[in-house]
Amino acid sequence: MKESYDVVVVGAGGAGMAAALAAAHRGLDTVVVEKSAYFGGSTARSGGGVWIPGNYALKAAGQTDPDDLDRARTYLDAIVGDVVPKVRRDTYLERGPEVLDFIREKTPLEFTWVPEYADYLPEQPGGRPRGRSVEPEPMDARFLGDELDRLHPAYTKAPANLIVMQRDYRKISLGMRTIKGPLTMLKVMLKRVLALVLGRKMYAMGNAIAIGLRKGLVDAGVPVEYETPLQDLLVEDGRVVGVVVEHDGQRREIRARRGVILGSGGFEHNQELREKFLPQPTSTEWSTGSSSNTGGGLLAGTAAGAATDLLDDAWWGPTIPLPGRAWFCLAERNLPGSIMVNAAGKRYMNEALPYVEATHEMYKGEATGVSHVPSYLVFDQTYRNRYLFAGLAGRQPFPGRWYKEGVVTRADSLAELAGKLGLPEGSLEATVERFNGFARSGVDEDFHRGESAYDKYYSDPTVKPNCSLAPIEKGPFYAVKIVAGDLGTKGGLVTDERARVLREDGSVIEGLYAAGNVSSAVMGHTYPGPGGTIGPALVFGYLAAEDIAKENA
């Protein structure tokens, strides 16, 4: 590791690697310093969706319209509002397709449309019921050689070469309910066998994005210095001129002749910061973000005078606190035959809401004085027999440890289940009786579940008259603990449309840039669709490098 570079990038996740790739291809001498022993960060642990309207993959699939950009602007205007300056939102939309073109050209990554995965708020002005999300095509990662051992550990373990894309998960979650479920699983298994026979090392979803970007850095000659955490920023005459890191047990300075780009992730695994900024109750154990995300970039940036915003928010999602790990609920609470109840035994939202909005409802409820964190996902044996649940096939028994640690509660009647959970007498039975009436009529009169195009994505098309509603009536009955988990925090350093970090008075901290979850989200308090985190990370990492190159041209 040299003593100086043109650009120092902090963090080898999606934002950092995209920034370093763009800087290198503009002729800038670039290094990436990474806190952990791995590349990929939370991007590698994700489903790999990217929400960038109008990109080449959407065009190839015929999923763009002549007024696509205007509609996307209308959509973000409607759901984000003035929480984020319009120029940032518009810049993201205008430049996003260019960034995916660049990544396609400079890495092995190739993206494809995720069919019918709706925008998360598709009924809002400009929303798209058929979706704007793309995901990476699976790739054989043998080209990385030994560097592949540095890939960030996966969110959940799966057998080697078992490649499930986002488009597949929807079908597999339905188990045997439709012919598409077993056919998709058969396809997945055949691909795994073929990969093993041919000696391939296949990866998809967030892993594929991380691997593709890392290969781009290898080809561009950009070094990644692992186990080199950021300690501080070097500031001279109000300008950031480098970083202080720890490497091999020694503190050292690395000068940045042109700029420092922070791509170091959020603070989801820092309990002190969670308790300081986020709604309560909260826990690092509920997060599925990278364990190395403890807010180092945020703290260094604020020490240098940076403004912050949205620190009280996160990329939330109802989460099951399984023993030893958190399980982020995608399909489980959306599938028919389940409801979520609070400590009063009552429903309080449309359980199929997009995950950020659902967790906002959990915390709103918490503020009433009735406990909503945890809530309980309640379902019957019919539901359990039908659907995949937290990685377990239908009819597969829940592990004994889940019961022992209080994650799952089981009873022969709803009254007994309520008693075990400590819910008010009669409340759960009344809630289920009312819900069952909605299931039979097909209309959720309380919370309108099943009306949005998004509700229908993770639903069961064989259930009528509403594919998101089915009665809960066949014992035994189950309740699974649901907490306010997250994919990472959403608040961070305030940046402008060029990814430059700003002070409280709006002035620019020269030489300092930020992208990804270390910066305050361009999406404000909401989430536009699958990939609304990774898309901005890639785009603003790229724009940071572009600005450094222009400023010093």
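Biologist: How should I read the packing of helix H4 (residues 68–80) against helix H5 (residues 86–106), and at what angle do their axes cross?

Modeller: Two packed helices are described by the angle between their axes and the distance between the axes. Here the axes of H4 and H5 come within 10 Å and cross at roughly 145°, where axes are lines fitted to C-alpha atoms over the stretch in contact and angles run from 0 to 180 degrees between N-to-C directions. Helices (H or I, at least four residues) and strands (E, at least two) are DSSP runs numbered from the N terminus. This is a predicted model, in which local features need pLDDT of at least 70 and side-chain atom pairs count only at pLDDT 80 or more, while totals for chains, interfaces and linings use all residues. Residues are numbered from 1 along each chain as its sequence is written, and side-chain values use heavy atoms, with hydrogens and water left out.

Biologist: Which residues of H4 and H5 meet?

Modeller: With contact taken as heavy atoms within 4.5 Å, Leu 69, Ala 72, Arg 73, Leu 76, Asp 77 and Val 80 in H4 meet Lys 86, Arg 89, Asp 90, Leu 93 and Glu 94 in H5. By class, this contact has five nonpolar, no polar and six charged residues, where Asp, Glu, Lys and Arg count as charged, Ala, Val, Leu, Ile, Met, Phe, Trp, Tyr, Cys and Pro as nonpolar, and the others, Gly among them, as polar.

Biologist: How many salt bridges does a search of the whole structure find?

Modeller: The search finds 36 salt bridges, each being a side-chain nitrogen of Lys or Arg within 4 Å of a carboxyl oxygen of Asp or Glu. One of them pairs Arg 95 with Glu 546, with the closest N and O atoms 2.6 Å apart. Because Arg 95 lies in helix H5 and Glu 546 in helix H17 (residues 534–551), the pair ties together parts that are 451 residues apart in sequence.

Biologist: Which residues do salt bridges that share partners join into one network?

Modeller: Asp 70, Arg 73, Asp 77, Lys 86, Arg 89, Asp 90 and Glu 94 are joined in this way.
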